Amino acid sequence: MEKFLSFDEIKKSLENKQTDCKAIVDYYLKNIQTKAHLNAFVEVYTDSAKEQAAKVDEKINSGNAGKLAGMVIGIKDVLCYKGHESNASSKILEGFESQFTSTAVQRLIDQDAIIIGRLNCDEFGMGSSNENSVHGKVLNAADESRVPGGSSGGSAVAVQANLCTVSLGTDTGGSVRQPAAFTGIVGIKPTYSRVSRWGLIAYASSFDTIGVFSRNVPDNALVMEIMAGSDDFDSTVSKKPVPHYSELLHFDKRVKIAYLKESIESPALQAEIKQNTLSVLDRLKNEGHQVEEVNFPLLKYILPTYYILTTAEASSNLSRFDGVKYGYRTPNAHNLESMYKLTRTEGFGEEVKRRIMLGTFVLSASYYDAYFTKAQKVRRLIKEFTEDLLNKYDYIIMPTTPSTAFKFGEHSNDPVAMYLEDLFTVQASVSGVPALSIPNGVDKNGLPIGLQIMANSFKEAELYAFANYLSTSNNN
């Protein structure tokens, strides 16, 4: 069977009767089995995927199939899918079966996408390397001694290794964009509130977004246009109409582009990433676009602001996991208090416990104003500064990550070094604006480099068009 690398190829094969959905699912199942050692999938839905495929084949034959007929999708292990286990790659949710399907996933199913399994991730989305999972680490297919990025590492590798057509991840501070950069694929964090969070197991509610991994921009745009939009189940989701992103990818205008001096001159930035980023900026100048260097004096405050606020929200959100109603319950308890304490001690991993403790500290009465309140004020400053820039410029371009994929264990004993991996991705998360990572060459070791593009809120259509333009010219 031919090797499918894009949804367009799949659609053409279906239209020409060269294949059917059952054969496509079998193709991906075989790939998953062959590359099982990468540990991208926590669970493969072999039976239900085949059942879905048979139903979609019937719809195709009767001429009433949805837009995503033939697309095979993997979902991150923080998204609920009715009748299937979801445990956020944590022991604390061991054996928990979803009672409903998340809005984002349901909308894809309604357009005849086929869900093939759930994907490994850092526990509760907390991590930059996919080393914090109860299911074990995920290997980067570009170099199996290196991390795939996190927290959506399994989702990234599933697309990188051609185990599904596209995958869903979640991005709180870079958890789609950073692994996309490390694995050489396309990954988007949409505007906060663009996609419903109903059915997403929360980490930090005012930051969490559901994003898409794909091999190309058109596939990504198509999935996003179907997922996005208002939802009666989520009061925080935007009611703004959703453009047909996949039909608006043509780009033929001259634009204003900013790049941050502090990101290019950061001592943490790998030389080859700097060189490749500057090369793109030079090319854009030569093509007639207005490219300008701007100062972003708040860069050094972004990471502290992000980690104070997200750990505080995590401390609150994760208080519900106590062994009472569902999930893991310690067998070692001798009274109610010890049941709570031991369940959470045994059920949560080290990184999750670290962030809960940090969050509890910054929310405590003695430190609330000194940390949490101050961080909220700084968040407002960062958001206003970023939006002001994006009112003057069409796009902000910067590296997605300061380095290419690092080796397993390299930052495991240094949480601060691990947190610095989010240096360039958290600005979009703190500001709530959309940001997308596309491949931008490789370093001397053949490891993928990512380029990040930011646009103003709800400008996903413009972001996709520009990213598609850059991706197409990068491949030429």
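Visitor: Why does Lys 76 count as buried?

Guide: Buried means under 20% relative accessible area, exposed over 50% and partly exposed in between, with a 1.4 Å probe and protein chains only. Lys 76 has 0% relative accessibility, so Lys 76 counts as buried. Mind that this is a predicted model: local features need pLDDT of at least 70, side-chain atom pairs count only at pLDDT 80 or more, and totals for chains, interfaces and linings use all residues. Residues are numbered from 1 along each chain as its sequence is written, and side-chain values use heavy atoms, with hydrogens and water left out.

Visitor: Where is Lys 76 found?

Guide: Lys 76 is in strand 2. Strands (E, at least two residues) and helices (H or I, at least four) are DSSP runs, numbered from the N terminus.

Visitor: What does Lys 76 touch?

Guide: Contact means heavy atoms within 4.5 Å. Not counting residues up to four places away in sequence, Lys 76 touches residues including Ser 151, Thr 170 and Ser 175.

Visitor: Why does Ser 151 count as buried?

Guide: Ser 151 has 0% relative accessibility, so Ser 151 counts as buried too. Ser 151 lies in the loop between strand 3 and helix 5 (153-160).

Visitor: Which residues does UniProt place under "active site"?

Guide: The unreviewed UniProt entry gives Lys 76, Ser 151 and Ser 175. They are spread over 100 residues of sequence, yet cluster in space, with a largest C-alpha distance of 11.1 Å. UniProt positions are given in the numbering used here, feature names are shortened, and annotations may be inferred rather than shown by experiment.
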